[in-house]
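Subject: Structure for your review

Dear colleague,

Please find below the structure that I am handing over to you.

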Amino acid sequence: MMTNQDDMKQPESSETTPTRFVSAGDVRFAYRRFGKPSGTPLVFLQHFRGSLDNWDPALLNGFAQDRTVITFDNAGVGFSSGEVPDNVSAMAQHALDFIDALDLTQVDLLGFSLGGYIAQHLTLRRPNLVRRLLLAGTGPGKGEGTQDLNQNILDAASLPPSRNGLLQLFFEQTETSKAAGAAFWDRLQTREGERDPSLTGPGVQAQRTALTRWDRNEDSAYPHLREIAQPVFVAGGSHDLIIPTVNAFVLAQRLPNALLTIYPDSGHGFLFQYHTLFGKHATLFLDS
């Protein structure tokens, strides 16, 4: 019996899927799309300085078993062209331009850290586009009970990426959490082919300005959170140094249809430390 070569191909994974490009206006967006075909793809919005290759392959591959996964570099980041805006509102518009360029009429969003800020703005701007929303390690902007970014921590996060820096910023300083962080760092090195660069130079300062404006409520979603009617899964680590964990509680309190989960013995990178458990929780939420 002869076997068709196409049948023998291994399915694409985070480590092997090619980087594709799509243009919207003056920006050429880099993105990756793989996983089980699904009516509503899950679009990922990345953290401060992060690019395509800062997502945990284990997390993405877990989601891809059940749905289409789409990651991308926003304007001025990684392989994408253009300039990084200095405000979250413009970042959200670029993300909308990217989604529209792919002709997507409905998406689920997973916004991590700065990506969570963008996801809130995007949902408020185009509510009919977003079916469900996952907000991980993020906050609503300045409001009652919130805590601002620690500028010393932000200074450290602005340094060139390193294994030790990642362990200190994204993980608890316990043996269990640091071991999970080291495993995450190793997984980040498994991408085959050309790797997407992390953000440097003026783009870093533009993102820092955007974060500061959000914290000052010049640009934040806090006053409009009750307008987000979609089901929202809010998740955080028990000791987040970058965006203090209390902000997750404030988000969940003000969003009218939110579910809150806090993961123990973890920091900003809880979704990578608990990639299997978080993936299961998120999948239950998306499928319910």
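In what order do the 8 strands of the open sheet stand? The order is 1-2-4-3-5-6-7-8, and the pairing is mixed. Please bear in mind throughout that this is a predicted model.

**The sheet**

The edges of the sheet are taken by strand 1 (20-24) and strand 8 (258-263); each has a single partner strand, so one side of each is left without a neighbour in the sheet. On average, neighbouring strands are turned by 25° against each other, direction ignored. Strand 6 (residues 130-136) runs parallel to its partner, strand 7 (residues 232-237), and the two are joined over 4 bridges. Within this pairing, Ala 136 has Ala 235 of strand 7 opposite it. Helix 4 (residues 114-125) packs on the sheet, where it touches strand 3 (42-45), strand 5 (107-112) and strand 6. The direction of helix 4 makes about 145° with that of strand 5.

**The nonpolar core**

The largest nonpolar core has 86 residues, of which Phe 63, Phe 98, Leu 109, Leu 110, Leu 122 and Phe 278 touch the most other members. Helix 3 (residues 88-101) gives the most to this core, with 7 residues.

Leaving aside neighbours within four places in sequence, Phe 278 is in contact with Leu 59, Phe 63, Leu 110, Phe 233, Ala 235, Tyr 263, Phe 270 and Leu 271. Phe 44 is placed in strand 3. Its relative accessible area is 0%, and Phe 44 is therefore buried. Not counting residues up to four places away in sequence, Phe 44 touches Trp 55, Leu 60, Phe 63, Val 69, Ile 70, Thr 71, Phe 72 and Leu 110. Thr 138 is 94 residues from Phe 44 along the chain, and the C-alpha atoms of the two are separated by 14 Å.

**Helix packing**

Two packed helices are described by the angle between their axes and the distance between the axes. Helix 4 and helix 8 (residues 202-215) pack at an angle of about 60°, and their axes are 11 Å apart. Helix 4 is therefore oblique to helix 8. The crossing of these two helices is left-handed. On the side of helix 4 the contact is made by Leu 114, Tyr 117, Gln 120 and His 121, and on the side of helix 8 by Gln 207, Leu 211, Trp 214 and Asp 215.

A second pair consists of helix 2 (residues 57-64) and helix 11 (residues 275-287), whose axes come within 10 Å and cross at roughly 30°. Here the crossing is right-handed. Ala 58, Leu 59 and Phe 63 of helix 2 meet His 275, Phe 278, Gly 279, Ala 282, Thr 283 and Leu 286 of helix 11.

**Residues in loops**

Which residues does Asp 86 touch, not counting those up to four places away in sequence? They are Ala 206, Thr 209, Ala 210 and Arg 213. Asp 86 itself lies in the loop between strand 4 (68-72) and helix 3, and its relative accessibility of 31% means that Asp 86 counts as partly exposed.

Is Thr 245 buried or exposed? At 14% relative accessibility, Thr 245 counts as buried, since the cut-off for a buried residue is under 20%. Thr 245 is found in the loop between strand 7 and helix 9 (246-254). With residues up to four places away in sequence left out, Thr 245 touches Gly 237, Ser 238, His 239, Asp 240 and Ile 262.

- Asn 217, with phi near 70°, is in the loop between helix 8 and strand 7 and counts as partly exposed at 30% relative accessibility.
- Asp 265, with phi near 50°, is in the loop between strand 8 and helix 10 (270-273) and counts as partly exposed at 25% relative accessibility.

With kind regards

Methods
Residues are numbered from 1 along each chain as its sequence is written. This is a predicted model: local features need pLDDT of at least 70, side-chain atom pairs count only at pLDDT 80 or more; totals for chains, interfaces and linings use all residues. Side-chain values use heavy atoms; hydrogens and water are left out. Two strands pair if DSSP finds at least two bridges between them. Axes are lines fitted to C-alpha atoms, for helices over the stretch in contact, and angles run from 0 to 180 degrees between N-to-C directions. Contact means heavy atoms within 4.5 Å. A nonpolar core is a set of buried Ala, Val, Leu, Ile, Met, Phe, Trp, Tyr and Cys residues joined through side-chain atoms within 4.5 Å. Buried means under 20% relative accessible area, exposed over 50%, partly exposed in between (1.4 Å probe, protein chains only). Angles under 35 degrees count as roughly parallel, over 145 as roughly antiparallel, 65 to 115 as roughly perpendicular and the rest as oblique. A crossing is left-handed if the near helix is turned anticlockwise from the far one by less than a right angle, and right-handed if clockwise.
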